[in-house]
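Here are my notes on the model, point by point. Please keep the structure open while you read.

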Amino acid sequence: MYLDENPDALPDLGEGTNVALWQQTAINQYPLTRLENLTPTTSLKDIVGCFARRGVTYNYASKTDIQAALASFGTPLDNVATARWQFTDLVQRSDDAAWWRVPFEMAPMQGAYAIHELVPAGSGAGRVVSVNLRGLPDGARGADWRASFIVISDTGAERYSTLWGSGANSVTLAANENKVYVSVAGAPATFHTGAPNASFAVDFDEPLYPYRSTPSKARFPYELQVTGATPKQRDNCATTGLVQHANGGCYKAGTVTFFPGATSRMRSALAISRTSACQTASSSHCPRAFTPPTISRPRTTRASWISTA
Amino acid sequence: MTDGFTADSPVRVAADAKRSGFLTFDGAAQQVNLDRSVADLRDFTFTAWVKPLGGAANQAVLWLGASAAKRLYFTPDDGAGHAKFSIVNGGAEQTLTAPAALAPGLWSHVAITLDGTTGVLYVNGASVASGAIVLRAEQMLAANTASALQHNYLARSQDTLLPRFRGALDDVSFFATALSAADIAAMQPATSVSNAGTLYVDLRASDASAGTWINNGTIGNFARTGLPALVSNVLSTGVPGVQFNGTSQAYTGPNSVADLDAASDRSIEVWAYNPALAAEETTVSWAYRGTDSRNMAFNFGSNATWGAADVGWGTPPSAGAWHHLAYTHDGATTAKVYIDGALATTKTLAAALNTFATQPLNIACQRDSAGGTRSLYFSGYLNTVRVHGGVLTPAQIAANYSLGPVGTPASAAPTLAAIADQTFDYSGITPIALTVGDTDTALAAVTLHASSGNAALLPPANITFSGTAAARTAMLAPISGQYGIAALTFTASDGAATSARTFKATFLTPSETWRRQNFGSPANTGNAADTFDANGDGELNLLECATAQNPNAATTATPTLVRNGANLEFPYTRSLAALAVEWRDDLTTGVWSSAGVTEQILSDNGTVQTVRATLPAGPGPRFVRLRVVK
């Protein structure tokens with residue numbers, strides 16, 4: 001849709017791009033590699049950056065229809081049923097609270113993106129929201145990013161900032177602009193094919209193309225320093241009628257009791273209670289981070305942070 | 001669980017004499033931020049290789065927690081000479097305290113296990129402290145809200161609750177279970193060769209001499225063909241090896257035994273160095289060629305075509321390097337080959353092996369017929385050949401690999417050039433030039449740390465080192481206002497061994513510094529004595545020093561007294577000695593007073609100040625003096 005509609009009027013895109021892409025992509029060729037060949041003027045990095053920012057409201061010709069479809073789940077943009085699919089909450093750094101990092105499991109891969117909602121401070125015209133983008137360097141992989149502000153007015157008018165890859169950028173808000181988002185796309189120097197010369201199905205063969213080391217699966221973490229706004233933190237579900245664990249975190253229905261015996265059984269019950277509470281609550285609100293229960297981990301789950309090379 | 005993130009760029013070191021690929025932390029700003037999930041464990045094990053490098057007590061190697069009263073940490077030295085684990089959740093602190101601190105400069109393997117009832121602290125595989133620990137790691141979690149921050153770190157604590165860690169970390173792991181003592185023991189480096197079944201052949205390069213290669217296995221020695229020679233240091237690798245020319249040199253051993261013939265299970269290990277790979281080069285063999293599945297030959301070559309009973313390397317071991325190569329056959333149809341402790345290929349054979357029986361074992365060649373012509377010689381060096389009558393496990397092979405080639409000399413300790421006793425004039429921070437060396441470890445991996453015999457004057461944390469080459473610098477920052485002598489010990493470490501130098505550092509007081517600079521000696525005697533007037537100008541040395549004068553030059557400290565309205569202004573120069581401006585109106589009666597005296601420091605270079613004292617002018621004549629307060 002983005003390629004053919006070309007809503008940002010990029011020089012190489014427009015109607016027929018998709019057709020050309022389908023026709024010219026060779027068997028087993030990575031489509032983005034072909035797209036890069038089809039767009040000699042506009043870099044693939046900028047294309048994915050521009051595409052990412054359209055994901056807030058799906059701002060295409062059919063936006064009205066898409067919004068109408070989403071509205072059946074709730075208020076657009078604040079739709080709790082779909083927000084988790086659209087937006088990513090940032091995690092505040094415990095050692096430097098001025099910075100917020102993307103959760104590693106949500107850090108974009110090549111061509112993918114994350115959108116973060118920023119709640120502007122104050123009201124009225126002239127408010128400035130600034131974001132300082134700092135990516136995790138990975139020179140060997142050519143790590144890079146393309147970020148953009150998305151500003152939406154109370155009337156639904158949508159505007160974008162320039163794209164940028166690192167450092168600070170800002171937007172100045174009008175009085176009726178109270179929704180601000182920042183999109184960040186993974187835009188490395190090279191877009192890698194996952195399974196060269198093979199069916200893309202093989203791309204998911206973990207032993208063959210390990211998640212942790214295959215270039216096409218590399219993630220590009222980053223962190224943001226936000227001023228003039230606060231990154232929005234969403235909850236999933238209402239907790240009415242639920243009882244929270246003393247340490248914070250999970251909730252259970254007040255009627256749920258734990259078998260006071262084996263630890264593993266207790267943990268299992270806990271996991272079930274969390275799931276069912278989330279599924280049955282009318283306004284669906286669960287604790288912010290839904291961490292997997294310990295029982296689901298292998299007995300000797302091992303995660304190394306420092307390799308011995 | 002997700003990755004940890006480094007902050008402020010801890011330095012990755014390729015290798016020291018003990019470990020490879022680890023991170024070093026400077027004790028100032030470098031750290032690793034860990035994910036929240038590492039504390040979200042009901043049962044818990046933390047393991048790591050830790051190399052502390054001295055400094056302040058109670059450095060945090062590991063910290064998981066929500067607050068000062070809801071956290072766990074491990075420190076290599078609690079200041080009282082103990083490594084310690086501590087956990088608290090708002091109540092009484094629960095601790096595991098080892099009998100000793102971790103040795104500075106050396107790698108130690110640390111493990112902490114918690115099962116909700118008992119905690120155990122292991123150092124180098126041995127339980128050094130255990131006791132009732134009823135708290136769990138998951139209780140260290142902050143509330144799962146947007147505003148609560150979880151402080152999970154390596155090499156630092158929350159805020160500045162504990163000093164940061166100065167040293168190195170490697171192979172840090174968290175487990176969602178309390179590992180057993182056996183589990184922890186299995187993590188320790190092997191110290192002896194693991195065997196499977198009977199060890200029939202155990203040839204070590206250093207045992208090859210006078211035509212016989214002594215077999216430390218059970219079936220007797222090997223005799224040479226041609227003149228393969230022992231090389232004590234193969235191509236400057238520091239590893240000894242028996243050199244074979246690839247055309248005529250070999251060793252012949254006793255005949256194989258039933259436990260190695262036919263379909264019997266077996267394992268072969270070699271440490272080999274092949275400068276250039278030919279298609280098929282034989283390290284060890286028995287039986288003879290010609291019939292599929294009946295010859296037994298373990299090759300270090302690049303051949304890519306294999307018979308039904310053969311196993312390929314996949315990617316062959318590289319030429320020009322020592323490799324540990326292993327082969328196992330399980331007595332049925334599974335054969336595996338390993339390169340440097342890691343499984344390279346597993347193959348299911350069409351049928352079990354059927355090795356010809358009762359044929360001689362050969363080193364560096366095969367036989368074309370029963371006891372017949374030798375062929376497919378090895379061109380390179382063999383350090384070790386072992387033949388086992390059973391199947392080595394992957395863990396055993398990895399452990400044997402970790403032992404390295406036999407006869408390799410132990411890592412040489414780093415050197416630290418002698419450090420003369422030093423006397424330092426008074427100043428803030430003093431540098432000392434040092435020289436380190438190491439014959440077999442990269443200099444960048446040689447680290448320095450310090451201990452002090454006078455921590456009140458110069459604590460170890462106030463000694464910092466810089467440099468990564470042979471030339472290093474130590475910066476000494478004694479406690480402000482403290483002077484005297486400290487016996488300092490600097491230790492150079494390559495991770496496996498250390499060497500130390502002890503010297504005496506004397507920090508002079510300001511007046512001692514003044515005497516040394518002007519009289520060549522800090523001693524309060526002779527011409528340098530406080531009560532002596534070295535230049536005969538009527539001002540004693542004590543006053544000359546206090547007013548920052550040259551006691552050997554004809555100068556005086558007579559300042560100018562200026563009336564400024566209702567005040568007298570009295571500018572003067574002083575060293576860091578204490579001076580008091582006092583006045584009186586009558587030299588025959590009354591006392592000296594400092595009432596109404598104020599001072600403004602006009603300049604300060606760290607050792608000399610110019611000062612303007614202001615005092616009331618008084619109704620009549622007024623005398624003003626400078627008094628040295630010693």
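**Notes on the predicted model**

1. Of the 309 residues of chain A, 47% count as buried (under 20% relative accessible area with a 1.4 Å probe, protein chains only; exposed is over 50%, partly exposed in between). This is a predicted model, where local features need pLDDT of at least 70 and side-chain atom pairs count only at pLDDT 80 or more, while totals for chains, interfaces and linings use all residues. Residues are numbered from 1 along each chain as its sequence is written, chains are lettered from A and ligands numbered from 1 in the order in which they are written, and side-chain values use heavy atoms, with hydrogens and water left out.

2. Chain A has 7 helices and 13 strands. Both are DSSP runs numbered from the N terminus: helices are H or I with at least four residues, strands E with at least two. Among contacts in chain A with a separation of 6 or more, 67% link residues 24 or more positions apart. Contact means heavy atoms within 4.5 Å.

3. Look at strand β8 (residues 177-186) of chain A. Buried residues make up 8 of its 10. Strand β3 (residues 113-120) of chain A runs antiparallel to β8(A), joined by 6 bridges. Here Leu118(A) has Val180(A) as its bridge partner. Strand β5 (residues 145-153) of chain A also pairs with β8(A) in the antiparallel sense, over 9 bridges. In that pairing, Phe149(A) stands opposite Val182(A). Strands pair if DSSP finds at least two bridges between them.

4. Chain B holds an open sheet of 4 strands, in the order β32-β38-β37-β34, with mixed pairing. Its edge strands are β32 (422-424) and β34 (447-452) of chain B, each pairing on one side only. Neighbouring strands are turned by 30 degrees against each other on average, direction ignored. Axes are lines fitted to C-alpha atoms, for helices over the stretch in contact, and angles run from 0 to 180 degrees between N-to-C directions.

5. β32(B) pairs with strand β38 (residues 498-507) of chain B in the parallel sense, over 3 bridges. Which residue in β38(B) is the bridge partner of Gln422(B)? That partner is Ala505(B).

6. α2 (394-403) of chain B is one of the elements that supply at least two residues each to the lining of the second largest pocket. β5 (44-52) and β14 (166-175) of chain B are the others named. The largest share, 6 residues, comes from α2(B).
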